[in-house]
Amino acid sequence: MKKSGILQTDFFGKLANSPLVLASGVIDVSYSGMLRAVEAGCGIVTMKSLTLEPRKGHNGPVVAEFAGGFINSMGLCNPGIDSGLKEADDFKNRSDAPLIASVFAISTDDFIALTRKVNDSKADAIELNLSCPNVADEYGIPLAASKEKVTEIVLEVKKISRLPVIAKLSPNTYNVPEIAKAAENAGADALTLINTLGPGMVINIHARKPMILNKFGGISGAAIKPVALKLIYQISKLIDIPIIGTGGVLNADDAIEFLMAGAKYVSIGTAVYYHGIEVFTEIREGLINYLTTNNLSSIEDILPLS
Ligand code: SIN
């Protein structure tokens, strides 16, 4: 990995070696996977969303590839908050890279209980996953579809969180900018935009079956990049808090597009399935080349479009 301070960036008072973020749900259940991502050039790590109790998730196949990216319906498989936070602490005992603990719940009380646990961990920020599109059968439509619910949860979590609070929103409503503004007004310190699109469906015509067992799933990858860019661009003009941009970042040019759209950090998930964890090294080097070729001295010199 090339060493260079040119990509260093602030993350709520902590130094991140690059603005590149490991997206939630990608080799981030164990501390060793997260360390590998950081060694490859990722600056900030997000954990798989943790719930109060462990969850097995959906039966497989839970992921399938199609021309535009991937469809997944993992069903929030995770070891539960207590085991998950042990991995978080194990990671932080070995690395200074900022770590975001992502949590999922469906009630404000459960979000509060999760926040209390994250407060006692070594995590650097908490991300409220308000937007998983894959558990509607169990819990109904995602909380991120409701401005009132987003407001209530962020307000209550902010009252007790000792860490910066990040709200992860869904692209799957017509009023995402309004909901984003509501999250900021409720006290969110940052937004993650966007969770997966859909749910959608992909069919195996030979087996005459949906490609994933759960039939429907969230869409990630190149197909959703224009949606993510549009929402980040629009929302960054409405709010003053930073945006972690995510959705179809496959290479350095994509990451630069996200920065130009108005994201401060760029989160990468699907690209790891295509290229392995080394994709962070490639993107990092691509960013350094772009900065040097354009005589820019820091990543913050890539300014958002007007
Ligand atoms: C899943 O576990 O089904 C995906 C999580 C998410 O999209 O928030």
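Visitor: Is Asn295 buried or exposed in this model?
Guide: This is a predicted model, in which local features need pLDDT of at least 70 and side-chain atom pairs count only at pLDDT 80 or more, while totals for chains, interfaces and linings use all residues. Residues are numbered from 1 along each chain as its sequence is written, and side-chain values use heavy atoms, with hydrogens and water left out. Buried means under 20% relative accessible area, exposed over 50%, and partly exposed in between, with a 1.4 Å probe and protein chains only. Asn295 has 70% relative accessibility, so Asn295 counts as exposed.

Visitor: Where does Asn295 lie?
Guide: Helices (H or I, at least four residues) and strands (E, at least two) are DSSP runs, numbered from the N terminus. Phi of Asn295 is near 55°, a positive value in a residue other than glycine. As for its place, Asn295 is in the segment after helix 10 (279-293).

Visitor: Which residues of helix 5 are buried, and why do they line one face?
Guide: Helix 5 covers residues 147-160, and on its other side Glu148 and Lys159 are exposed. The buried residues of helix 5 are Val150, Ile153, Val154 and Val157. Seen down the axis, where the arc is taken from the directions between the helix axis and the C-beta atoms, these buried residues line one face because they fall within an arc of 95°.

Visitor: At what angle do helix 6 and helix 7 pack, and how is that angle classed?
Guide: Axes are lines fitted to C-alpha atoms, for helices over the stretch in contact, and angles run from 0 to 180 degrees between N-to-C directions. Angles under 35 degrees count as roughly parallel, over 145 as roughly antiparallel, 65 to 115 as roughly perpendicular and the rest as oblique. Helix 6 (176-185) and helix 7 (residues 225-236) have axes 10 Å apart and pack at an angle of about 50°. That angle makes the arrangement of helix 6 to helix 7 oblique.

Visitor: Which residues of helix 7 make the contact with helix 6?
Guide: Contact means heavy atoms within 4.5 Å. On the side of helix 6, the contact is made by Val176, Pro177 and Ala180. On the side of helix 7, the partners are Leu231, Gln234 and Ile235.

Visitor: What is omega for the cis peptide bond that joins Gly60 and Pro61?
Guide: Pro61 has its place in the loop between strand 4 (44-46) and strand 5 (63-66). For the cis bond that joins Gly60 and Pro61, omega is about 0°.
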